[in-house]
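Subject: Structure handover

Hello,

Here is the structure for your files. My notes on it follow below.

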Amino acid sequence: MTRTDRLDVPRPDAQLHFGVFFQGVNHWTVWSDLASGSQIDPASFRRVAQSAERGLFDAFFLGEGLRLREVDGRIHELDVAGRPDAITQLAALAAVTSRIGLVSTSNTTFNEPADLARRLSGLDLLSEGRAGWNVVTTDNAWTGANFRRGGYLDHADRYRRAEEFLTAARALWDGWADEAIAHSRTAASWSAPGAVGQVRFKSSQFDLDVAPTLPRSPQGHPVIFQAGDSADGRDFAARNADVIFSRHGDDLDDALAFADDLRARLRTAGRPADDLRILPGTEIIIGATEAEAQEKKRHLRFQQVTPATALSIAGLLWNIDLSDRDADGPLPKEDPVVEENDGSFGARRIVDPRTVVASWREQAEANGWSLRDTVIHLGPQRGHVGTPAGLADKFAHWVRHGAVDGFNVTPYLIPDGLDDIVDLLVPELQERGVYRTAYTGTTLREHLGLRAPRTRRAPAA
C-alpha cells in the first residue's frame, strides 16, 4: 500500500488555492490562436485578473522579463514578449479588483532595498493589504548587460544578496510603530513622537541609513513568494518565504517528495511545518470527456511547439543552430556540443545532453517521430488534463494528502484562458468541499491562511 492509498487522509479539511500566472517571455501562451488577444493591452490584464477574482483565486502573478530573449545576439521572435513594469501594472489592477492578491516578480540582483521595499509597500497600501513579492535572483550576464554592474553574482552569492535584501526590506516595513498615526484631529501631532524609526542596516551587500516613508498595510508585510528549486533555493524559501512555486506539480510522487523535503527544511529552520504554502505552476486542460481533453491537449501542443520553436528547443539540447533544418524531418545526426551555454534564451542548462539525445533518438526511432514530434512528446512537459469532475477528484486527493496547497495556473490563452477553470472546475471543487465558496478575508495573507509576518510574531515558546 502506497502513502496515498491509505484510508486515513492526513489533511481532510485542506482547501485548494489557485493563483494565475500572467507569464513573461514564453512559448506556452499561444499568441497565434484566433481566440488569443493582446498580451500588452491593459484590457487583457484586467480581464484575466477579474476572471480569477470571479473564480475566488488567491492571487494574480506577473512574471518579470528584464530583457527580451536573444539567440546569438538576435532577438528571439517566436515567444510571447512584452511586459509593463510589474508594480505599475498591479497598482492599476488594484483599482479594478477588490479581493484578489497582486504579486510582483521583482529581482534582488538588480534592485536596491530602500527603493523596492518602498514601491512594494506602496502597492500593499493602495491595494489595502493584497500585495505579494516573488523574490527572484539573476546571475547571468545576458540579463546583467542591462545594468552597469553586469551579471556579476555567482549562484551562492545571489542568494546571499537576496537574503540580505529581504532582511533590509522587512526592517523598512517594520520602521513605523503600530500606532504611529494619530486617530483624532485633536491629537497634538499627526504621528506619535518617535513612531517612525531610522533603519540602519549594514551587510556584505548593503549599507543603509533610511527613514521609511510608509506605514504598514492591514496584512503587515507583502506576502513573500520564492521559486528556487536548488538546495540553496529551497533553504532560502524555508528560512524566508510564505509561498513557494515549484516545477513539482505534475506527478504525485514527485510532488509529495518535494513537499516532504520542504517541510523538513522548515523544521530545520525553526518554523512550523505548515508555515509555507506550496503552489507549483501548472497548465490545466479541460474537456467534456477524457477523449476530448486529450485531443484538446494534442492540438494545443502543436500550437505551442511550432516548427521554429521545436528547432529552437532542440538547438538548446544539441547546443548548435538548427534553424535551417526541417522540423518535420529526423533528429540531427550530429552529436551534441558539450559545453556550458551562456543562458541565452533564458534556458536551464542541460547537465548531460549526450544521454538525453541518446534517449530521444531511441524513442523517435521506435515511434516514427519527427524532430517536432519528439520535442512535443519528450521536451518540457507540464499540466493536468481531464474532465472537470476527474480533475476535481485528483486535486482534492493531492491537497488532502499534502502534496500541494494548490496550483499557480498558467493559461495557454490570453485573456479568456481561465474561463473553463472558473466556470467548470471550480464548482466541482466546491461541491467536494475543497475550495472556498466566498472570500472570507480581505488580504492576501488571509486568503492563503498565513500567520503574521515573521518579524511581527510573538517569540516562539
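Is F61 buried or exposed? F61 has a relative accessible area of 2%, so F61 is buried (buried means under 20% relative accessible area, exposed over 50% and partly exposed in between, with a 1.4 Å probe and protein chains only).

Before the rest, some ground rules. This is a predicted model, in which local features need pLDDT of at least 70 and side-chain atom pairs count only at pLDDT 80 or more, while totals for chains, interfaces and linings use all residues. Residues are numbered from 1 along each chain as its sequence is written, and side-chain values use heavy atoms, with hydrogens and water left out.

Aromatic pairs

The whole structure contains 16 aromatic pairs. Rings of Phe, Tyr and Trp (its six-membered ring) pair if their centres lie within 6.5 Å; planes under 30 degrees apart count as stacked, over 60 as edge-to-face and the rest as tilted.

One of the pairs joins F18 and Y435: the ring centres are 5.6 Å apart and the planes stand at 50 degrees, so this pair is tilted. F18 sits in strand β1 (residues 17-22) and Y435 in the loop between α13 (419-431) and α14 (444-447), 417 residues apart. Helices (H or I, at least four residues) and strands (E, at least two) are DSSP runs, numbered from the N terminus. F18 and Y435 are both buried.

F61 pairs with F245, with centres 5.1 Å apart and planes at 75 degrees, so the pair is edge-to-face. F61 belongs to strand β2 (residues 59-62) and F245 to the loop between β10 (243-244) and α7 (252-268), so the pair ties together parts 184 residues apart in sequence. F245 also counts as buried, at 10% relative accessibility.

Elsewhere, W133, F165, W173 and F206 form one aromatic cluster.

Helix packing

The axes of α5 (residues 155-173) and α6 (residues 231-240) come within 10 Å and cross at roughly 10 degrees (axes are lines fitted to C-alpha atoms, for helices over the stretch in contact, and angles run from 0 to 180 degrees between N-to-C directions). That makes α5 roughly parallel to α6 (angles under 35 degrees count as roughly parallel, over 145 as roughly antiparallel, 65 to 115 as roughly perpendicular and the rest as oblique).

In α11 (residues 371-378), L371, R372, T374, V375 and I376 are buried. These buried residues pack against α8 (290-304), α9 (307-318) and α10 (353-367), where contact means heavy atoms within 4.5 Å.

Regards
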